[in-house]
Amino acid sequence: MSTAQAPSFDWKRLVFMFTGIALFVLVYYCPAWPDAVDPLGKHFELTKEAKGAIAIFLLAGTWWVFEVVPIGVTSLLIGIMQALFFVRPADVAFRDFMDPSVLFIFASIMIGLVFTKTGLTKRLAYKMLDIVGERTSMIYLGVFVVTALLTHIMAHTAVAATIYPLLLAIYSLYGEGNKPTKFGKGLFIGMAYVAGAGSIVTLLGAARGAVALGFFNEIVNRDVGFFELTWYMFPIGWLMVFALWGFFMIFLKPEKAVIPGLREKARELNSRMGPITRQEILAAILVLGVIAVMSARAFVPELKMLNKTAIILVSSVLFFVFKILDLKDLEDIPWNIILLFAGAMSIGFCLWQTGAAKWMAVNWLVMFQDANWFIFVMSIAFFVMIMTNFIMNVAAIAISLPVALVIAPYLGVAPDVILYSALVVAGMPFLLLVGAAPNAIAYDSGQFTPGEFFAYGVPASIMLMVITGIACLVIWPLMGMPITLPTGG
């Protein structure tokens, strides 16, 4: 008679579940906290709703990192808690779940599905492996460079969704099936990190750049052009790309230095695919057309009024019109990832609209109002880096940049260095999956847990802060960026 062993009780999960609940209860029901006061004496009250937003933020953050329940389910809880505890009305809290940014991620994932289904992904993967060869270190580098280059001309979310299936095709040739390995973790986490690093270089990589330049123009009354931003961001973005390659070669060095016969196998698999098909050509035309229109928005004034989410969703509709995708493909969408981002949007807007994020930003930055210019600039960078892991990087910029630009003149700090240092770190949320869409897309690979992502993100974030510091002290001054304001009348 066989005795089946009962599954062991998951105490760790229970501990973290109640830790999140305890943090919520502690913050939500504690007495009112003092106002935040900026250098001009303006008070920012932490209302009951704002305190509730911070409480939900702590609960969701704990559950996300330790994956108490599926990450998409934690996102649903964010909307539920806002409605049940009167932090925001239900119609507002849940409306954010279908924010244009969430639908942009949905459309980006659809592009990835199309590349996979038509075979374009495998064709690209085999060509790439033929070029970079059999050394796993060169495969890392090849993937990272291609990812970073693509983010210069298209949104990093769309890049991640396009590169993701290519990585699955590459990993299938590693010889370990689907099981997690150091190489698998390095490929997928690395792609997410590098997508962020590459996206800071131009205004096409993400929306955060345009938003930051808008605030800068409003407060400082000076325009920053497309190529001026690229001039200062290019060396930092690419320094981070190569630094991350070194980082993954140290922390997630592949188990195999070489995959013997990989180049030959890639050539053989590529030849087996035969000539490019009509479906592949059609898919490529549709995707390239959408990318071209979205990229042209930065240069053609008439196209600026077109919403980028509406443009990319056109491709989703056309994939079904031309029968490249069908109903079964729609059912294969990773809704866990979509919900993750929907919840991130909801808590981000919640912190912003209730004033909780502004209260946190003012409290943090006034601590450094008498500090040395470098300490002040790095404190802003650190705050933006932490906040961009929890809320949209656009929101992180929006709440911290105006406060920082108001304090800066008192310390003799030029506004330029604040703008660029904030933009650098806002593009690279290395700690939480909700920090950026590429993080969540990479997670769908099953190669790592949210906890592992966080663990590798800590040293990566320290490295990011160090490189930002070097940029402020050495690189940008050499390139002609004003760092401090001239003294004297």
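Student: Which residues have the most contacts inside the largest nonpolar core?

Tutor: Keep in mind that we're looking at a predicted model. Its largest nonpolar core has 179 residues. The ones with the most contacts inside that core are Leu 187, Leu 351, Ile 418 and Trp 476.

Student: Let's take Leu 351. What does Leu 351 touch, not counting residues up to four places away in sequence?

Tutor: A contact here takes heavy atoms within 4.5 Å. With residues up to four places away left out, the list for Leu 351 is Ala 53, Ile 54, Phe 57, Ala 356, Ala 357, Met 360 and Ile 391.

Student: On to rings: what kind of aromatic pair do Trp 364 and Phe 382 form?

Tutor: A search of the whole structure turns up 30 aromatic pairs. For Trp 364 and Phe 382, the rings sit 5.8 Å centre to centre with 35° between the planes. Stacked needs under 30 degrees and edge-to-face over 60, so this pair is tilted.

Student: Why does that pair tie together separate parts of the sequence?

Tutor: Trp 364 belongs to helix H17 (residues 356–366), while Phe 382 belongs to helix H18 (residues 373–390). The pair therefore links parts whose separation in sequence is 18 residues.

Student: How does Phe 382 count, buried, partly exposed or exposed?

Tutor: Buried means under 20% and exposed means over 50%. Phe 382 has 34% relative accessibility, so it counts as partly exposed.

Student: Which helix gives the largest share of the lining of the second largest pocket?

Tutor: That pocket holds about 340 Å³ of space, and 18 residues line it. Helices H6, H7, H8 and H13 each give two or more residues to the lining. The largest share, five residues, comes from H6.

Conventions. Residues are numbered from 1 along each chain as its sequence is written. This is a predicted model: local features need pLDDT of at least 70, side-chain atom pairs count only at pLDDT 80 or more; totals for chains, interfaces and linings use all residues. Side-chain values use heavy atoms; hydrogens and water are left out. Rings of Phe, Tyr and Trp (its six-membered ring) pair if their centres lie within 6.5 Å; planes under 30 degrees apart count as stacked, over 60 as edge-to-face and the rest as tilted. Helices (H or I, at least four residues) and strands (E, at least two) are DSSP runs, numbered from the N terminus. Buried means under 20% relative accessible area, exposed over 50%, partly exposed in between (1.4 Å probe, protein chains only). A nonpolar core is a set of buried Ala, Val, Leu, Ile, Met, Phe, Trp, Tyr and Cys residues joined through side-chain atoms within 4.5 Å. On a 1 Å grid over the protein atoms alone, a cavity is a set of points where a 1.4 Å probe fits but cannot get out, and a pocket is an open set with protein on both sides within 12 Å along at least five of seven lines; lining residues have an atom within 4 Å of a point. Grid points are joined across faces, edges and corners, and a volume is the space filled by probe spheres set on the points.
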